[in-house]
Amino acid sequence: MDAKNYPKMEEEILKYWEDNDIFEKSLKKREGEKKFVFLEGPPTANGLPHPGHVLTRTMKDVVLRYKTMKGYYVARRAGWDTHGLPVEIEVEKLLGLKNKQEIEKYGIERFNEECKKNVFKYEEAWKEMTRRVGFWIDMENPYITLDNKYIESVWWSLKEAWKKGLLFRGYKVTPYCPRCGTTLSSHEVAQGYKEVEDPSIFVKFKIKGKDEYFLAWTTTPWTLISNVALAVHPEEWYAKIEYMGEKIIMAEERAAVLLKGKEYEIIDRWQGKELEGIEYEPLYKFTEPDKKCWFVILADFVTMDEGTGIVHIAPAFGEEDYEAGKKYDLPVVQLVDMEGKFKEEVKPWAGKFVKDADEEIIEDLKKRGLLVSRQIYRHQYPFCWRCDSPLLYYAIESWFIGMSKLRSQLVENNEKINWYPEYIKYGRFGEFIREARDWALSRKRYWGTPLPVWVCQNCKKEICIGSIEELKEKAINLPDKLDLHRPYVDKILLRCPECDGEMNRVEEVIDAWYDSGSAFFAQWHYPFENEEKFWQNFPADFICEAIDQTRGWFYSLLAVSTLIFNEPSYKNVLTLGLILDEKGQKMSKKARNYVEPNEIFEKYGADALRWYLISASPPWQPKRFYEKAVKEVLSKFLLTLWNVFSFYKTYATLDKFDYEKDCIEVQKREIIDKWILSKLHNLIKEVDERMNNFEVHKAARSIEEFVIEDLSNWYIRNSRKRFWTEEKSMDKMAGYSTLYEVLTTLCKLAAPFVPFISEKIYLEMERNESVHLCDYPEYNEEMIDNDLEKKMEVVRKIVEEARALRAKNGIKLRYPLQEIIIVTNENIAEMAELVREEINVKDVVFVSNDEPFMEKVAKPNYSKLGPKFKDKAKKVAEMIEKTDVSKLMGKKIKIDGKEYEISEEDFTIEKKAREGYAVSEIDGIVIALNIVQTPELLAEGFAREIIRRIQEMRKEMNLEMEEKIEVEINIEKDRLGEWENYVKNETRSKEIIYKEKPEGEHVKEWDIEREKITIGIRRIGE
């Protein structure tokens, strides 16, 4: 199998799984065993799946397959998130509707029907992607958030919150999307911040009856229209300064910063609390407030970090402003409509979107002499995560869940959860829940779970409905066919238990995050059905989604379970990093900077994509997704694994090897067999430990290193000759036995990661139905020999270093050398044959010191010779270099008739390799390679060069391994000499004919050691 046919193989395996119900059988096999509970985060199927979805499905599948093979019963139910604004926005685009008014004109019933259709627009694409990536999950019986049963369970939970006094109507400043016409919860807002540039202005507010001004600073000029007060900090010092001919009041500390280097005079100073109550003239008066306003108030939230130390207050557009307004009984001047446009009272800018009016308001203030300065202010600003519109903060009526009262319980329950990575637990997530705000639950929209609250038209009594049964009991006009969506549920009237009047449902639907956060119980229709099943599956053992769900689904799950059960709804959460393009940029449809998953499946298969996503980096780190990386995985890892299997199958088939009959006991096998089995069992142990800690990437990398470095590059390379012998020897059977055990175990070990190739190899080797119906391998301590592994590591280092010495000296590996001499404390003599074969030497010699290949030489110490011998120093140095080291000490020499004595300080002793040796040292091991190439050694090397070319030609002719050939070659017969039979045996040649112009079925000219040599080969019958 090659890269081109890999995807075809996967399709065949998919068909095999489907035809034989392998997924279903994997579940059935574990029925009654200990449960490992998985909760699927429901995607919305009104958009096509992208590479990020492939990542989440892959990571989930790896963990779930692993747990199944470990003996757990792992039910896998798919889910669809079907409500919410993303669906509405998509339908609005399709229908060409621009706002809520147009939706209502079109008709809520018709609009919601379109939403219902749109929800499943790409269901088949999602199913196909899920199937193709190999994610085993039940998509035929999913939980769906739009089902009446699901909604009823959600209603029950809201009724429980109502009973606890935690579901209430409030009038608060909440983030609001004017485009969508609805509020957002705090965890939704957290998903949409962007860095923006806004105008930053310093504005003068004239003090009533004086020619003096308060100086305030704002980055939202449009809110000045609704200003009702100015706030100062009670304990900070404020100064009246004269600056450029005007008297201005601002914080003394801020004046020193803002007017640094400029001339101004402090006229007077007060603490902030002394300014309380001072009145000023309004900047704008488009309406007559019904309460006292336009005076100075005190507020602790005023800081000296930026601005002037005076904050402009507009309770209609700020949470802190609103709370301060309540304290001082300030009016809420709301001059902006629900589309974010100024109301008609604001005549200059009526009907204009507020942020678009900033420049005109600034210009107006400038003309009136009230603008002191303007700047550009870069800061983080929240945008709607669904439609990308800037959010506004509105004081509006909404329904809330009192999460702020449950902060300590949220923190306590978070302690029971294992986060991967752990830093999110106390960092991004932990910090968020410690400051949890009340959940702005209601949405004045259409397609969602209706808020089950009815209000009496007479006495205004409110009741919350917690079940369909309760609805039937209290309803006046329940329809025969009950649909709990709008507008049908809006038409249901209830009888007021207080005054017998009619009750209407409030118009709101709820935040779709509450829907998905209820999945852990609502998918079971708890508490109306499946009570035992719910408790068996609560809390979930494992959830896994992208890191952007930290303040999304992960939070809503914990919030709902804390609210209703005061327990976490999951035990382990694996967060996944975002998918980036090749350059590290975030992927987007707009930029078109990613390859569609289907293209990857068709070119390289799902295994390659899965393995890349799993092994490239820790799951929680961002991943670059590009075609070249996936292609490299296929060729480097997967095809290496396949080639190892193919090698085994080729020779084992020829020899009709049958493991059950021909297996050789481990103790009778070669050292290299015992070594690879030890490495295998250590690998099993390591992978198991990694997977138990959700370190999927480390487990995968361990498997890859074993396959490429240990199995392919070392074991197979050093075992080939065992399988080339004609006879069915015990050594050969031992090799087959070992390869069989390694490959079948590897298939099971790798099955959760790369399910297709693992299945393919396993089915070709075993008579069992599927590798995915097997138990996960368990390591055998008796098979692990750490001492043997350590020795083999030494051998591999020696081989690597010796090869580097060959390369450094320009000697090809095919040309044999006489010897390698090794100095080491490790007892590796029993592995000498491995060293000999790997570096192609005749002899491997172990010695205790380096004397056989190193010699001592004396080097003159010129710094001592000069002062001591003066003008004779040069001649002394020459004498030292020529004299044997052992005879230097105390030697007396005569120069120009005068006798001199050589002392220890006159020279230093160094070592150098003896002539004909190349020497190197690594980790305390010294090796010496005899690099002298004799004519005999060169002849053998030449024979190996010829063998290599003939083998390549056999491959080009697609010859079977056992097919015999005849060779013609244009060299003299004595060039091969005694190596002719060796060449024949290695190439399965019956005869070698030496002639000037070789002929045959396949003739080719080769350049061997700068010599043109022509070879012709032809097949011959037996």
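**Burial and charge pairing in a predicted model**

Q: Why does Arg-443 count as buried in this predicted model?
A: Arg-443 has 3% relative accessibility, and buried means under 20%, so Arg-443 counts as buried.

Q: What makes Asp-511 count as buried?
A: The relative accessibility of Asp-511 is 2%. This value is under 20%, and therefore Asp-511 counts as buried.

Q: Why is the pairing of Asp-511 with Arg-443 called a salt bridge?
A: The side chains meet at 3.2 Å, N to O, and the cut-off is within 4 Å; the pair therefore qualifies as a salt bridge. The two residues link distant parts of the chain, 68 residues apart: Arg-443 is in strand E17, while Asp-511 is in the loop between strand E22 and helix H17.

Q: How do you know that Glu-88 is buried?
A: Glu-88 has a relative accessible area of 1%, and the limit for buried is under 20%, so Glu-88 is buried. Glu-88 lies in helix H4.

Q: What makes the approach of Glu-88 to Arg-445 a polar contact?
A: The two side chains come to 2.7 Å, and a polar contact requires N or O atoms within 3.5 Å.

Q: Why is Glu-288 called exposed, and why is Lys-285 called partly exposed?
A: Glu-288 is at 58%, and exposed means over 50%, so Glu-288 counts as exposed. Lys-285, at 49%, falls between under 20% and over 50%, and therefore counts as partly exposed. The side chains of Lys-285 and Glu-288 meet in a salt bridge at 3.7 Å, N to O.

Key: Residues are numbered from 1 along each chain as its sequence is written. This is a predicted model: local features need pLDDT of at least 70, side-chain atom pairs count only at pLDDT 80 or more; totals for chains, interfaces and linings use all residues. Side-chain values use heavy atoms; hydrogens and water are left out. Helices (H or I, at least four residues) and strands (E, at least two) are DSSP runs, numbered from the N terminus. Buried means under 20% relative accessible area, exposed over 50%, partly exposed in between (1.4 Å probe, protein chains only). A polar contact is a pair of N or O atoms within 3.5 Å; within protein, one must be able to donate a hydrogen and the other to accept it, and residues adjacent in sequence count only if both atoms are side-chain atoms.
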